[in-house]
Amino acid sequence: MLSVVVPCYNEEEAIPYFYQAMEEIQTKIEYTFEYIFVNDGSSDNTLAVLRELYQKNPESVRFLSFSRNFGKEAGIYAGLQEATGELVTIMDVDLQDPPELLIEMITLIEQKEYDCIGSRRISRVGEPPIRSLFAKLFYNLQNKISDTHMVDGARDYRLMTRQMTDAVLQMSEYNRFSKGLFEWVGFKTHYLEFENVERQHGQTSWSFWSLFKYSIDGIINFSAMPLRIATVFGSIFSVLSFIGILFIVFRALVNGIDTPGWASTACIILFIGGIQLLALGVIGEYIGKIFLETKNRPLYIIKEKNPAAK
């Protein structure tokens, strides 16, 4: 059996097309699909579509529905917890993850040389240029400041063995960044490359701002470098201020006391104050993550399951 984990948020238009495309793929392989759709608090008719799909095929279709929107990371984790197949894949329902890649993924993983077959886009045709630029900057920065290497263009779309899936499930942290977690577990992974596929149905829920916040989560979750940078800046300005004090005292002893300019003094105070607030903000981000973890709240709350789900 192959478990197909599909997080959904306002995807009523895309679900039928996704299911049809996957059923066509299933006829070309020897695995039986177990679909696990996770409704992440959708405000449209996504849940109604999932109920109808379950009624048509209760043997292979399962769904979970959250009490509210908990985010894609919670949806992925919930789907992995429910998956029972020997192989597990995570896919977006918008068909930007090409279903036909599954055939090659299965062939490669059956050779037992890899524990995971991932996918990565080698182009971002159709995306706004600003989004593509920031995505590239994120991967370059992340890989320079973190010990966990993340592949540029990597998708959540991947095929994993049962062993790797169980390893990912062991990490039950509240603040999740799956792309990093998949790399951190350390299993042997091979990436298949493909050209970007534009969404055909529905609208994406990922805005530039939400992606930016998601990238900040990735940096904080897998690197302490921002804290070190704050420390370095503090050390540098402490040394410069000490040198400046020595210079002022020496000049006053030699030339006498003069009246300093208000403008230059104000600029220096504002600049140093800005650096201090920036450092406090970085520290605050990490403290905020710690605060959320210590609450030990569940990653998600299920409001409804299909009757056959365990």
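This is a predicted model: local features need pLDDT of at least 70, side-chain atom pairs count only at pLDDT 80 or more; totals for chains, interfaces and linings use all residues.
Eight strands form an open sheet with mixed pairing, in the order 7-5-6-4-1-2-3-8. Its edges are strand 7 (189-194) and strand 8 (302-305), each of which pairs on one side only. On average, neighbouring strands of this sheet are turned by 20° against each other, direction ignored. In general, the strands of a sheet pair through backbone hydrogen bonds, in either a parallel or an antiparallel sense. Strand 5 (residues 116-121) and strand 7 pair in the parallel sense, over six bridges. Within this pairing, C116 stands opposite T189 in strand 7.

**Cysteines**

C116 is buried, at 0% relative accessibility. C8 is also buried, with a relative accessible area of 1%. The count of disulfides in the model is zero.

**Salt bridges**

The model has twelve salt bridges. Three of them are set out below.

| Salt bridge | Closest N to O distance |
|---|---|
| K72 and D92 | 2.9 Å |
| D166 and R162 | 3.3 Å |

K72 forms a salt bridge with D92. K72 lies in helix 3 (residues 72-82) and D92 in the loop between strand 4 (87-90) and helix 4 (101-110), so the pair ties together parts that are 20 residues apart in sequence. K72 is partly exposed, with a relative accessible area of 22%, whereas D92 is buried at 15% relative accessibility.

E82 counts as buried, at 11% relative accessibility, while K305 counts as partly exposed, at 31%.

The salt bridge of D166 with R162 lies within one helix: the two residues are four residues apart in helix 6 (residues 162-169), and therefore separated by about one helical turn. D166 is partly exposed, with a relative accessible area of 36%, and R162 is partly exposed at 22% relative accessibility. Elsewhere, salt bridges that share partners join K72, D92, D97, R155, D156 and K179 into one network.

**Nonpolar surface patch**

V232, I236, V239, L240, F242, I243 and L246 make a nonpolar surface patch of about 660 Å². One of these residues, L246, is found in helix 9 (residues 225-255). L246 is partly exposed, with a relative accessible area of 48%.

Notes
Residues are numbered from 1 along each chain as its sequence is written. Side-chain values use heavy atoms; hydrogens and water are left out. A disulfide is a pair of cysteine sulfur atoms within 2.5 Å. Buried means under 20% relative accessible area, exposed over 50%, partly exposed in between (1.4 Å probe, protein chains only). Patches are made of residues with over 30% relative accessible area and no salt bridge: like charges are joined within 9 Å, nonpolar side chains (Val, Leu, Ile, Met, Phe, Trp, Tyr) within 5 Å. Accessible areas come from the Shrake-Rupley method with a 1.4 Å probe; for residues, only the protein chains shown count as cover. A salt bridge is a side-chain nitrogen of Lys or Arg within 4 Å of a carboxyl oxygen of Asp or Glu. Two strands pair if DSSP finds at least two bridges between them. Axes are lines fitted to C-alpha atoms, for helices over the stretch in contact, and angles run from 0 to 180 degrees between N-to-C directions.
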